[in-house]
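Subject: Structure for you to look at

Hello,

Here is the structure I said I would pass on. Please open it beside this message and follow along; my notes come after it.

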Amino acid sequence: PAAVAASIGPNRANFGRNMVNVATARNETNNTTWRVVAGLNGNLGGGWAWDTYFTHGVNKNNQHLYHNVVSTFLAYALDAVQTPSGIVCGITVPGHLDPRTGAPYSAADLAKAGLGGPCTPLNLFGTGNADPAAVDYAFRTLEEFSTYKQDVAAANLRGELFDGFGAGSVKLATGVEWRREHGNVTHNLSNQPWYTDYFLSYGLDYGGTQEVLEGYGELNVPVFKDWALGRYLELDGAIRATHNKASGTAGVNAGLSRSHSFATWKVSGIWDVTDWLRFRG
């Protein structure tokens, strides 16, 4: 159609090409996880017991996306120019116009083209005609290295405070818990200055740490048993205090930090009026 011809310009034509038989993208992922756990528990006598544990785990996830297009390198390799010495990349010819803009290649383009090594023209016509050097220039390997670590520790104490009011012992449970998680994701950016030009991307480097410290207490009080107001009444109250801190340690979120402290609580009761009627709240 005339509109398409006008958008292409004189002496030009659109060209569609499936790149599968030139370079097929392939993703490879290696994931390794290991974890160690240790725990102790014991009795203190008088109806009191304790327990504690610690766990440490590490997950490593490495990804490689082979034959990923670097858009600018592909554009340079496709701009093939016939010269007396043979067919070369247009960006290597002084004064040659960039077909994308119609203006001479900029200094930034010249610098970027050299980052990938010598530019080799890429022939997409036919099957098997693409120079391996041109494929290696326009298609690179995208990498991502991810490490995630977790440490958790906790200690708990529980027992009977006293015999109570005739319905059972008044019991207490208390403890403290701590968790630290650290993640770090890198992409070998220092060796891939063309990273932001990949057709597909894993994103930029980032890393951070999250720490959570919590303490809790719970009190269980049997109030009465087989009394005028019913067969049994039990009250229970619990509170947990939490401090959460998140810190950016690398990449796009380095230096960011936020903390938050709060408490959660509950009060509950069980009232057995008869053998067949119970209220809970």
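A nonpolar core is a set of buried Ala, Val, Leu, Ile, Met, Phe, Trp, Tyr and Cys residues joined through side-chain atoms within 4.5 Å. Buried, in turn, means under 20% relative accessible area. Keep in mind throughout that this is a predicted model.

The core

The largest nonpolar core has 25 residues, and those touching the most other members are Tyr-76, Leu-122, Tyr-137 and Phe-139. At least two residues of this core come from each of strand S2 (48-69), helix H2 (71-78), H4 and strand S5 (139-162). Which residues does Phe-139 touch, not counting those up to four places away in sequence? They are Met-19, Val-22, Ala-23, His-67, Asn-68, Val-69 and Leu-122.

The buried residues in H2 are Thr-72, Phe-73, Leu-74, Tyr-76 and Ala-77. The elements that cover the buried residues of H2 include S2, strand S3 (80-83), S4, H3, H4 and S5.

Two packed helices are described by the angle between their axes and the distance between the axes. For H2 and H3 the angle is about 100°, and the axes are 10 Å apart. Angles of 65 to 115 degrees count as roughly perpendicular, and H2 and H3 are therefore roughly perpendicular to each other. On the H2 side, the contact is made by Thr-72, Phe-73 and Tyr-76. On the H3 side, Asp-109, Lys-112, Ala-113 and Leu-115 take part. Sorted by class, the contact of H2 with H3 has four nonpolar residues, one polar residue and two charged residues.

The disulfide

How many disulfides does the structure hold? There is one, formed by Cys-89 and Cys-119, with their sulfur atoms 2.2 Å apart. The link of Cys-89 and Cys-119 is left-handed, with -80° about the S-S bond.

Lys-266

Lys-266 is in strand S9 (residues 257-272). With 38% relative accessibility, Lys-266 counts as partly exposed. Between Lys-266 and Asp-236 there are 8.1 Å in space, C-alpha to C-alpha, although the two are 30 residues apart in sequence. Setting aside neighbours within four places in sequence, Lys-266 is in contact with Glu-218, Asp-236, Gly-237 and Ala-238.

Two backbone angles

Most residues other than glycine have a negative phi, and most peptide bonds are trans. Asn-188 is not a glycine, yet has a positive phi of about 55°. Asn-188 is found in the loop between strand S6 (170-186) and strand S7 (206-227), and at 25% relative accessibility counts as partly exposed. Asp-226, also not a glycine, has a positive phi of about 50°. Where is Asp-226 placed? Asp-226 is in strand S7.

Regards

Technical notes
Residues are numbered from 1 along each chain as its sequence is written. This is a predicted model: local features need pLDDT of at least 70, side-chain atom pairs count only at pLDDT 80 or more; totals for chains, interfaces and linings use all residues. Side-chain values use heavy atoms; hydrogens and water are left out. A disulfide is a pair of cysteine sulfur atoms within 2.5 Å. Buried means under 20% relative accessible area, exposed over 50%, partly exposed in between (1.4 Å probe, protein chains only). Helices (H or I, at least four residues) and strands (E, at least two) are DSSP runs, numbered from the N terminus. Contact means heavy atoms within 4.5 Å. Axes are lines fitted to C-alpha atoms, for helices over the stretch in contact, and angles run from 0 to 180 degrees between N-to-C directions. Angles under 35 degrees count as roughly parallel, over 145 as roughly antiparallel, 65 to 115 as roughly perpendicular and the rest as oblique. Ala, Val, Leu, Ile, Met, Phe, Trp, Tyr, Cys and Pro count as nonpolar, Asp, Glu, Lys and Arg as charged, and the others, Gly among them, as polar.
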